[in-house]
Amino acid sequence: MSSARVVITGLGAITPLGLTVTDMWAGLCAGDCGIGTITAFDPVGFSCKLAGQVPDYKIQKYVPRAHRKAIKLMSRDIELAVIAANEALVHSGLVTKGIDPENVNINPERVAINLGAGFISCDLVELAPAVAASATDGKFDTRKWGKDGLELVTPLWLLKYLPNMLACHIGIIHDIQGPSNSITCAEASAHLAIAEAAQIIARGDTDIALAGGAEAKVNPMIMIRQCLLKRVTSENNDEPASACRPFDADAKGSVFGEAAGIVILENLENAQRRGAKIYAEVVGLGQSNNINPAYEHLEPDGYGLQIAIEKAMADAQIEPEDLGLVIPHGTGIAADDLAEAKAIQAALGDAAAKTAVWPTKSMLSNTGAASGAIDLVAAVCAMADGRIPAAKNCDRKADGCNLNIVKQPQETDIRYALCCSYTYGGQTAAVVLKGPD
Amino acid sequence: MTERVVITGMGIVCPLGHDVETLWQAILAGKSGVAKTTIFDASTFPTVFDAEVKDYDFTKYTKNPQLHEHGSRGSEFVIGAAVQACRQAWIDVETAEPTDRIDRNRLGIYLGAGEGSVDNDAFFAAILEGWDADKNEMDWGRWAKVAFGRMDAMRELEQEPNMRAAHIARLTGARGPTRSCLTACAASTQAIGEAMMMIRRGDADVIIAGGVHSMIHPLGLMGFNRLTALSTRNDSPQTASRPFSATRDGFILGEGAAILIIESLSSAKKRGVEILAEVIGYGSSSDAFRVTDMHEQGRGAIQAITAALADAGISYKNVDYINAHGTSTMENDSIETKAIKAVFKAEAKNTPVSSVKSMFGHLIGAAGAAELITCVLAIRDNIVPPTMNLIDRDPELDLDYVPNEPRKMPVNVAMNESFGFGGQNNVVIIKRFS
């Protein structure tokens, strides 16, 4: 079966380091840290009071006038995705109905969207008055909830929190009528969504796809879940800039945050025909499972991640030596980082000690379903710029981590870059990109 | 040469039964799985009934129930459905040394999986404690104290939608491509369609695919009631799901899990496993219209049906039976009918269309997979399942909806339609294997 080549022709990212890809890349190169004390709510009583929060933005600016009524149906996850999608489309030179209805240059039926989305938590403050109206003797009473409580909740409440609504809103704004999927595999979501979108283009079912992920984790429910699972650092609240320490001997846990990353994937011939600038080619995809009785961690030898990396390299038909950059998942959770280091070392063999490994979460925080997408955007920037910024907060490698973590910024020609991710619960993913010819 | 893709196993846990044969007999008898809500006291809600899975015990499907003890309702359902499907397809479960001749690196999972149910006691107690009604704000310190004290880490983890697949991986040792999607009511049809594509592409030999969801909880029922999506026929729950009827007034919230084993033909032949049907077409589209409504002319539905037929390389004239999304809402049933007519033209009236949601309600993320199982059985037995409760026909809806009685007729090709809230449309076509 002939299979189309898939290239990246546009980038969009909104992250704790800024509202655009340019901001993110400049921040990463400068070694800036997007992590700070939580301001979205008062984190008093939380073991971790830190998060990576996106700077202030005005959502109205990113939504065409005709669609502004829909803003009230957008949870923060949706807003972030809408902003990143807008940037990616503009960057790619594609003109949709949402960008300029007079000069549309896409066929809506031949554009797909495939996004990784988180398990969106509802706004507790919004829900609270309804819950408070449903108490009997201080306890929640479903009989009151079904009548008095229910009346106090906005009618379209549910629609703000369905994970497919990220793709829906973007699809409606930009008139995207091709296949649409929403991958809900936690921190592996974005890589899996990008993989699926690339496969949809490769098999000829669409010419163009918006792919990536978005998640807003700075929400008390999501944060407490990470605290309860002991995935957060609780010892670095006074030092946000050095709190998240992937692969470092002093790693105490991860710091969570919010972001969206979206790339425009395009059939190579389609991109060439319209004279689009090509930033990278998606050449290798790999997926597997880790299987661990402790669901909340990667299995100790990282085997499920190793398989995904090996499959992605085989798919790309490259050898480990060909890789110029690896962006690992690297969360700052010591057990998981060690397992990931073992997986990368096993998959890359002797090349592992030489290949530049650059974890980003020390600066961008762990943005869940967005993380794989913003890492991929960072990898494309590194390839385009011929530069790998220095890793932050990995001063002394943890025992068992024999990776070549980038200590000093490097000017380098990267032919192939690998990004990988995994989730508690099992799914693993790896994507190999090739620099433009 | 692209791999042909076949179905070699099926399993279900749904309101009409906890195995495929029980479900099928119930459907052929026109039974209803709908009744008064028992999971919590819903007596004051606008809708007081639903379609629940009852008297189900997942522990009989596993030697190690303790490995799954924190599982949400959905995880428990999917364990049963997956084990049943694996048994039928001769896939070994819970063994370190499988002899089923499937390379674990080529055994994948693709679910349309819902989130786990909220830990209601802790969730609401924390809000009640934290909310300062006088100041109209949350005291997060008070909220956090209750939340830290009462929420359980593993129960919280189980709310993540990707955790359903984790249980299946643990049962089967699957190390192949694994994804989980959640495109509302279209999710499991999408999962099966994309699973087929993965096998065609050569990324896996066998994929455990399907769906699982339970939204029967105080937040879910509230959410759907606020959307006025549910039937409020509280005086007659068993006739409330009446797709294509003039008096239809909404869908019935159901729950369950449905799993199909999707396998390359060469793997199925090599292993000598029985082939239940062939998956021949998949089409996917989006409405790009409104988050609240389907496109008035069914534009996205038409595109998905057309794409699935093209992918299958067949004409609409070859389709013997359409298993409709048929939710029993005013909007869906009317637009779905329009879409079928637009694609099937003069053949539309000669093609039987039925909705099994009339019997087991709307399983949301699991709906498409459960319904695809009924399509496989329709082909196996040459019987089209009925649309029950079709007593007062909507004059605008004039297709052959197979009212109230199953129909014995040759069925070789069946099409399954699923449309999600927000406009994702997915269609899968299966065929008798020969």
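## Around B:S286

B:S286 touches residues of both chains: A:G171, A:I176, A:Q177, A:G178 and A:S180, together with B:G300, B:G423, B:Q424 and B:N425, leaving aside residues up to four places away in sequence. Here, contact means that the C-beta atoms of two residues, placed from the backbone, lie within 7 Å. This is a predicted model, in which local features need pLDDT of at least 70 and side-chain atom pairs count only at pLDDT 80 or more, while totals for chains, interfaces and linings use all residues. Residues are numbered from 1 along each chain as its sequence is written, with chains lettered from A and ligands numbered from 1 in the order in which they are written.

Is B:S286 buried or exposed? It counts as buried because it has 35 C-beta neighbours inside 10 Å (buried takes 20 or more other C-beta atoms within 10 Å, exposed 12 or fewer, partly exposed in between, with C-beta atoms placed from the backbone). B:S286 belongs to strand β10 (residues 277-286) of chain B. The C-alpha atom of B:S286 is 8.8 Å from that of B:N426, 140 residues away along the chain.

## Where the chains meet

Between the two chains, 75 residues of chain B are in contact with 76 residues of chain A. On the chain B side, helix α4 (residues 140-150) gives the most, with seven residues. Helices (H or I, at least four residues) and strands (E, at least two) are DSSP runs, numbered from the N terminus.

## Chain B as a whole

Chain B has 13 helices and 16 strands. Of its 434 residues, 65% are buried.
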